[in-house]
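Hi there,

Here is the structure I promised to pass on. Please have a look at it first, and then read my notes below.

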Amino acid sequence: MSDGAEGFPGHAPWRTTGERIDALIAASGSGGAVARERSEELVRVVADFYGAGLERLLDLVHEQGRLDENVLAALAGDELVSGVLLVHGLHPYGVETRVERALESVRPYLGSHGGDVELLAVTDEGTVRLRLLGSCDGCPSSSVTLRLAVQGAVEAAAPEITSIEVETAADEDAGAAAPVVPVDSLFARLHMGSGPHTESGTVGDDGASWEVVPELSGLESGAVARVGVGRLPVVACRVGTDLFAFEDRCARCEQPFEGATLARRLGGRSGDAVLRCAGCRAHYDVRRAGTCLDGDGVHLAPLPLLSDGASVSVAVPAAVAP
């Protein structure tokens, strides 16, 4: 018997349940409109039945005085259980808490651009309002960072959100905030993931694909790993608890990072980390989006990365996804 989501492998069947249901319903359409409608109704009836059972189960646990903060945190922290509770509107944490936790999970990546993000509000209409902070503000990669890292995290944590508005310093001067990330509900039709998927990941609205990379889950601090994500070669490294990913190509010699090492920056603070190319010996600051420290004005190509503690996903362009 499984002891939770951690007991499932990266390509566990339950991760693709939504698209499997969609495929079966689409196949039933070959029998005509009536057959498809009955298939959709069957899914709704079964989902409602199990949802009612889950709700009653939580009520019973609460009546016994066992539904304390530790149990709630365990339920919310389990990927599979949390997803099922979200589907049925039974998640123990409100939308604002879930969004804040989602942003916390992507802050290491935002920090690699020298920036941060602040949650301003979640409106009654389902809009998340954010403010971009730090040197990330105004950076050409800011929109990419937000669209891939923030959108993926918020969609997974709060599927009821309808849009994301991001304020920057320029927006404040103009007195307006621009909505830059439209977010589709994950459970719009059958309370299941309705977006297109790859075998191991989810395709975003902008064509990028989030791919689960099991090899990175156990990467130790100070280690460097070279992996293939889709058809894209990726180099990743861990600094303490923070994980960073870049395209596996040195910006100076344009060769893969074979034999690359990670070291503390000379004279730097604890936690500073430098990735060194074994070929041309160029040095890159991994916490500053792979900026070259040798005065060349070049930098690596960082990739958005999400980690929920049990699995690691990297966003790659659709052109190089599986």
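Two strands are taken to pair if DSSP finds at least two bridges between them. Strands (E, at least two residues) and helices (H or I, at least four) are DSSP runs, numbered from the N terminus. This is a predicted model, so please note that local features need pLDDT of at least 70 and side-chain atom pairs count only at pLDDT 80 or more, while totals for chains, interfaces and linings use all residues. Residues are numbered from 1 along each chain as its sequence is written, and side-chain values use heavy atoms, with hydrogens and water left out.

Let me begin with the sheets. In one of them, 4 strands form an open, antiparallel arrangement in the order β10-β11-β12-β13. β10 (261-263) and β13 (291-292) stand at its edges with a single partner strand each, so one side of each has no neighbour in the sheet. Strand β12 (residues 283-285) is joined to β13 by 2 bridges, and the two run antiparallel. Asp285 has Thr291 in β13 as its bridge partner.

Another open sheet has 3 strands in the order β7-β8-β9, again with antiparallel pairing. Here β7 and β9 (242-247) are the edge strands; each has a single partner, so one side of each is left without a neighbour in the sheet. Neighbouring strands of this sheet are turned by 30° against each other on average, direction ignored; the axes behind such angles are lines fitted to C-alpha atoms, for helices over the stretch in contact, and angles run from 0 to 180 degrees between N-to-C directions. β7 is joined to strand β8 (residues 232-239) by 6 bridges, and Gly228 has Pro233 in β8 as its bridge partner.

β6 pairs with strand β15 (residues 312-316) in the antiparallel sense over 4 bridges, with Ala315 in β15 as the bridge partner of Trp210. Ser209 and Glu211 point one way from β6, Trp210 and Val212 the other way, and all are buried (under 20% relative accessible area; exposed is over 50%, partly exposed in between, with a 1.4 Å probe and protein chains only).

The loop between β6 (209-212) and β7 (224-229) holds Ser221. Leaving aside residues up to four places away in sequence, Ser221 touches Arg238, Val239 and Gly240, where contact means heavy atoms within 4.5 Å. Its side chain reaches the backbone nitrogen of Gly240 at 2.8 Å. The C-alpha atoms of Ser221 and Asp242 are separated by 8.3 Å, although the two residues are 21 apart along the chain.

Now for the interior. A nonpolar core is a set of buried Ala, Val, Leu, Ile, Met, Phe, Trp, Tyr and Cys residues joined through side-chain atoms within 4.5 Å. The largest one has 22 residues, of which Val99, Leu103, Val128 and Leu130 touch the most other members. α5 (95-111), β1 (115-122), β2 (127-134), α6 (142-157) and β3 (163-167) each supply at least two residues of this core, and the largest share, 5 residues, comes from α5. A second, separate core of 18 residues includes Val239, Phe246, Cys250 and Leu275.

Lastly, the cysteines: how many disulfides does a search of the whole structure find? There are 0, counting pairs of cysteine sulfur atoms within 2.5 Å. For Cys292, the nearest cysteine sulfur is that of Cys250, 7.4 Å away. Cys292 is buried, with a relative accessible area of 8%.

Best wishes

Definitions and conventions: Polar contact = N/O pair within 3.5 Å; in protein donor to acceptor, adjacent residues only side chain to side chain.
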